[in-house]
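Here's a quick walk through one protein model, helix by sheet by core. Have the structure open as you read.

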Amino acid sequence: MNRSGIVALTLSVAALVVALFIVRPKTWPSTDEVSPANTSQAAPVPRSSFEAVATRVVDGDTVRLSDGRELRYIGIDCAEKGEPYAEEAKARNRTLVEGKHLRIETDEETTDRYGRVLGYAYVEGSKKSVNEMLVEDGLALYFLVPPNKALAAQLFAAQGRARERHRGTWSQKVPNVEPYYVGSSDRFHRPNCTHVKDIQHPTQFPTREAALDAGRSPCRTCKP
Ligand SMILES: [Zn+2]
């Protein structure tokens, strides 16, 4: 290697050392970056949001969006077509959202098996979700489907107010026709429901009211 070669090599090594010094410290987290302020931050719930116009109401808990998709409100369940309060729920949903700009917040699962978007809908300028308003009016039941539980507390409280005020479906007194009801972690059933045998840790409730008080929703199969 001649003299100029040695100079070039020396300069290259020097440049590399300088480069390592400049670059490496930047890749190491500073003490600030690992401080509790960053590590203790809870994950934001709900997880993400997007905006769309509700172009058409399908039923009490489903709307067609301007992006062509269908949105199913989560944490709640409205009566099916033909059942009591199904039409009232649809009409109320129409009044609340049709033609309006919505912000939709998603939970753990963003779509269901039918390809519908799962979310909580907020009409522009409102802090209360449409999901909660429908429950508060007694036109939707509090109805959790794990793992989507971001608004569980708000929705359960809204159902408590609706029951107390005999709103919508809660104006009807449903008799306790079974000797007891069987609860899973989220539902309650009639004792002879086909789903009862699959419940891992069943809870027994003397009345429907006791099951509802404990946050269980009526099974959609045996409709207790
Ligand atoms: Zn059942």
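## Helix 3 and its surroundings

Keep in mind that this is a predicted model. Start with helix 3, where the buried residues are Ala89, Lys90, Arg92, Asn93 and Val97. Look down the helix axis and those buried residues sit within an arc of 165 degrees, so they line one face of helix 3. The helix covers residues 86-97, twelve in total, and its first and last C-alpha are 17 Å apart, close to the 16 Å expected. After helix 3 comes glycine 99, with a positive phi near 80 degrees.

So what lies over those buried residues? The cover includes these elements:

| Element | Residues |
|---|---|
| strand 1 | 49-59 |
| strand 2 | 62-65 |
| strand 5 | 101-105 |
| strand 6 | 117-123 |
| helix 4 | 130-136 |

## The cores

The largest nonpolar core has 34 residues, and Ile76, Ala121, Leu134, Val135 and Ala140 touch the most other members. Take alanine 140: setting aside neighbours within four places in sequence, its contacts are Gly60, Asp61, Ile76, Asp77, Cys78, Ala89, Leu134 and Val135. There's also a second, separate core of eight residues, with Val182, Phe188, Ala211 and Leu212 among them. As a rule, nonpolar side chains in soluble globular proteins tend to be buried together.

Now for an open sheet with four strands in the order 10-8-9-11 and mixed pairing. Its edges are strand 10 (203-205) and strand 11 (217-218), each pairing on one side only. Strand 9 (residues 187-189) runs parallel to strand 11, and two bridges join them. Phenylalanine 188 has proline 218 in strand 11 as its bridge partner; Phe188 is also one of the residues in the second core.

Terms used: Residues are numbered from 1 along each chain as its sequence is written. This is a predicted model: local features need pLDDT of at least 70, side-chain atom pairs count only at pLDDT 80 or more; totals for chains, interfaces and linings use all residues. The expected span of a helix is 1.5 Å times one less than its number of residues. A residue is buried if 20 or more other C-beta atoms lie within 10 Å of its own, exposed if 12 or fewer, and partly exposed in between; C-beta atoms are placed from the backbone. The arc is that of the directions from the helix axis to the C-beta atoms. Two residues are in contact if their C-beta atoms, placed from the backbone, lie within 7 Å. Two strands pair if DSSP finds at least two bridges between them. A nonpolar core is a set of buried Ala, Val, Leu, Ile, Met, Phe, Trp, Tyr and Cys residues joined through C-beta atoms within 7 Å.
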